[in-house]
Amino acid sequence: MSQPNQPTNPSRSEPNVSSRKLHPQVDWRFDRAWFDELQTRLNRNGPWDDWSLYQLAVEAEQASQVTSFDELRCLRCLPLFEPMPHQIATAGKVLHEMGGRAILADEVGLGKTIEAGLVLKEYMVRGLVKKALILVPASLVLQWVRELNQKFGISAVAQKKEHTWQYDVVVASIDTAKRDPHRELLLATDYDMLIIDEAHKLKNKKTTNYQFVNQLSKKYCLLLTATPVQNDLDELYNLITLLKPGQLGGQSEFAANFVVDKRLPKNEDQLQEALSAVMIRNRRGDGGIHFTKRIVRNIPLTLSPEEKALYDGVTSFVRERVVETVADMASMLSLVTLQREVCSSREAVFLTLVNLFKKTAEDSPLRPKIWELVENIRAINANTKAEKAIELIREIDDKVIIFTEYRGTQEYLLQFFRTHGLHAVPYRGGMGRGKKDWMMDLFRGRAQVLIATEAGGEGINLQFCHHMINFDLPWNPMRVEQRIGRVHRLGQQHDVHIYNLCTLGTIEEHIVNLLHEKINLFELVIGELDHILERFEKQEPTIEQQIARMVAEAGDGTELRQRMSGLGDSLNRIRTEVLAEEPVEQEDAIAKLLDGAGERISMEASQ
Amino acid sequence: MNDRQVHKFVQRFLEATDCTILEKSPAHFKVKLSPYADRSLTNRPYYWSFVDRTGAEPETMSMLLVTDRTKYDALEAANEAQQEAQAAEAAPSLSSAAEAALGRSFGFVHGTMNTIRMPREEMFFGSRRLDQLFAASQAGGSYVYLFQEPERKHALPHDSTPYTAWLGVNMKVEFACDRKREELHSFGVSLASGQCVERFHDRLLDLKMTPKLPPNVHVTKNGISLGKAASAIEQTLERKLKQYDYGWAVQANEQLDEELARIRHYYEPLIQSALEEQKPAIMEQFDKRQAEIRWQFEPRVTASAVNCGIFHLAGID
């Protein structure tokens, strides 16, 4: 009797179901299965169920009853989690006005996943969705599973084996899903709901991904993307055709009615209206969506003479090596790493040097040189940066997260802080899930400091902390942004303070200079950096590799400074290009169009 | 359901399924499950099939069910603080030293470590455990056959009270298109007279019920068949539902037509201009899209039973 509410179209042939009309337009089914079962039990004289459980069953049903069409019932089921007003408004609009088919096009960082989760949960609570398929890039599968399970109490499963598809809610990568043997299975299933994250990857209708998704059979459907149009209005058309074919007319009609040039729309009002029926876009700065400020402070440090000696030693060692061997990229990177490590801590560089020593042939002339450097390390008995860090932490007198690139530094800092009576806990990529959670709990509770080597990865939400120290900086700007993003995100109540420890007269000074002064990384709008780097790295080696090459090849400080400044200039140029590549009004036209589609919802959210 | 209602529900479920409550407060239960509850809550089908096949004595699980987490956590913190204070007062005694020594030689585990594993479960409305309790109540409370308990003992031993058999059923009615709402209806039909009453379940809640035929009671002869009674319920419900406002359904149908027109407008020219060999594929896709839209918007009302039973009530009705 507890058969799930299968919301599929009823098959009319079942004998124990009567099917008539209640109203000219309404089918009516009266299920008589219960009666047959009761009759059977009467004939067999039982078995009979318990009266208390009978009453409890009715109470359970009363509690779960969906009393109205319009309310968001799922909110009562989620006492541990409080979505933002714009997320609730968005979910409400998808459910009540869009019939459950929509493009969620919020800007990066506003919680599209949360909105999708709310919609899914609501449909599940109402018994309108049982079977759901969520297709995301492979790297996001586990993150989705965790979010759905922890935040929404939805038993989502990551697709691993073929039999995983039997589960009700499955998260999978689209590249797996479209391949055999999965493909046939999925195409033969009717999904109550389909969610696709990073849907802009479906902009081209000739790709196998697009065609696969188009063939899936689904009732409700959400497409998530922050960039519904990247280059061409056709992309938008293709996305919408996946969701609601004909919403913008046929392909030729669309071209005739709405497109002047690939990035220049016409009849904007009409197009915007058609768009807002299927797309919701919240923006930063919309009412109710508030990001706090980032306050960046660079802290210049002068190395002690011993540290400086080590740095110089390592630098000249690196330079010699580069000149001797016409180094390939890989070995160049690892050599330069030595220099970066010296700037962080002697522990970090020590490990690398010892490993290098072991790897070098016993009769190599390099061995004594390496050992000489190791001897240099012995001479150092204080870490200028670590001392400054302690001073800073005492001054801040609040929760602080410290990021470093190196395990060695992390271990050293833990030790160093402990001896100075500071309660610090580590966090790194290699830790198991449980241990990570435990460390987070400790940091939330007793520990004042978290020392992390890993900024990416899911699950680190540190809104309760608003001070971070970059003990050293990654050379990849995206990774810097990831670090900041752990703390500076929606829900952060305070301005976020970012401290960069920067040793003068070293490569670090150049890096900080590049990231901070040149491209003003720390104050870029969230999401802007992606575009700049995407374009920058299109034709060249990654920015990290370019910097490494410069550092290795540049003869002296002045030359390095010049070349870095050149790099900064070209990044800046790209940035202006990104913003103004197209004539201004065209850029505006598309942006206005997309943003206009979201206007109403953000007004609602701000109320 | 608020926290208190959840708490009460959990307690009644535990009692109804014969679980042993080891400890309780307004914020939690510590409980050793009964075999019935273990089967329906712990998701251990292999274990239970082992027990069933070998006839081994089952070892059921224990659980900590927290119905009010803030209150429970505060309580726990207070307890812990108290224990720590006590431990600090008591000087390192002989017994703890002895215990440590025993531990070293015999692998003896200290008392506090020796307790049964008790996984903590949050019970709030919407939590998976509570949903499981809901489902288990439904599974174990679907079909009943009950008698009203007489209110007092009869003065005369040979006096017999007449009882009437009723068919009672609780129905869930679902009104659905792309959205949905539900109603619950409870019907009872007297098998003696055929009269049909609503809110029958409420009437039952005022009575005491027992699965056994009480002494000095006789059941009057049924005047109508069970099938007739069921039809009466169906007709009553249908008549009632026909009075409802179906504006929502008209709206859904309008939307449905609009959506169908929209994809027709998209696919028909596409099919016309397509190459002959591509046509079947596009037609197939067109059909699929139409089916999806019907699936999404078509208004429908369905009624199904939550649970039902035969109830023997005092009196001739």
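In this predicted model, helix α9 of chain B covers residues 247-273, and helix α10 of chain B covers residues 279-297. Their axes come within 10 Å. They cross at roughly 170 degrees. Angles over 145 count as roughly antiparallel, and α9(B) and α10(B) are therefore roughly antiparallel to each other.

Which residues make the contact between α9(B) and α10(B)? From α9(B) come Ala252(B), Gln255(B), Leu256(B), Glu259(B), Leu260(B), Ile263(B), Tyr267(B), Leu270(B) and Ile271(B). From α10(B) come Lys279(B), Ile282(B), Met283(B), Phe286(B), Arg289(B), Gln290(B), Ile293(B), Arg294(B) and Phe297(B). By type, the residues of this contact are 12 nonpolar, 2 polar and 4 charged.

Now step back to the whole of chain B. The domain assignment divides it into domain 1 (3-138), domain 2 (141-246 + 302-314) and domain 3 (247-298). Domain 2 is given as two stretches, 141-246 and 302-314. The C-alpha centres of domain 2 of chain B and domain 3 of chain B are 46 Å apart. Domain 2 of chain B gives 4 residues to the contact, and domain 3 of chain B gives 8 residues. On the domain 2 side, the touching residues split into 2 nonpolar, no polar and 2 charged.

Helix α4 of chain A spans residues 112-125, and helix α5 of chain A spans residues 141-152. Their axes come within 11 Å and cross at roughly 60 degrees. That angle makes α4(A) oblique to α5(A). The crossing of α4(A) and α5(A) is right-handed. On α4(A), the contact uses Thr113(A), Gly117(A) and Lys121(A). On α5(A), it uses Glu147(A), Leu148(A), Lys151(A) and Phe152(A). The contact of α4(A) with α5(A) holds 2 nonpolar, 2 polar and 3 charged residues.

How confident is the prediction for chain A? Its mean pLDDT is 82, and 87% of its residues reach 70 or more. Where in chain A is confidence highest, and where is it lowest? Strand β7 of chain A (residues 190-196) has the highest, at 95. Helix α24 of chain A (residues 584-606) has the lowest, at a mean of 56.

Two stretches of chain A call for caution. Over residues 1-15 of chain A, pLDDT stays under 50. The model has 21 contacts beyond four places in sequence for residues 1-15 of chain A. Over residues 582-586 of chain A, pLDDT also stays under 50. For residues 582-586 of chain A, the model has 4 contacts beyond four places in sequence.

Methods. Residues are numbered from 1 along each chain as its sequence is written. Chains are lettered from A and ligands numbered from 1 in the order in which they are written. This is a predicted model: local features need pLDDT of at least 70, side-chain atom pairs count only at pLDDT 80 or more; totals for chains, interfaces and linings use all residues. Axes are lines fitted to C-alpha atoms, for helices over the stretch in contact, and angles run from 0 to 180 degrees between N-to-C directions. Helices (H or I, at least four residues) and strands (E, at least two) are DSSP runs, numbered from the N terminus. Angles under 35 degrees count as roughly parallel, over 145 as roughly antiparallel, 65 to 115 as roughly perpendicular and the rest as oblique. Two residues are in contact if their C-beta atoms, placed from the backbone, lie within 7 Å. Ala, Val, Leu, Ile, Met, Phe, Trp, Tyr, Cys and Pro count as nonpolar, Asp, Glu, Lys and Arg as charged, and the others, Gly among them, as polar. pLDDT is the predictor's confidence in each residue, from 0 to 100. A crossing is left-handed if the near helix is turned anticlockwise from the far one by less than a right angle, and right-handed if clockwise. Domain bounds come from an automatic or database domain assignment.
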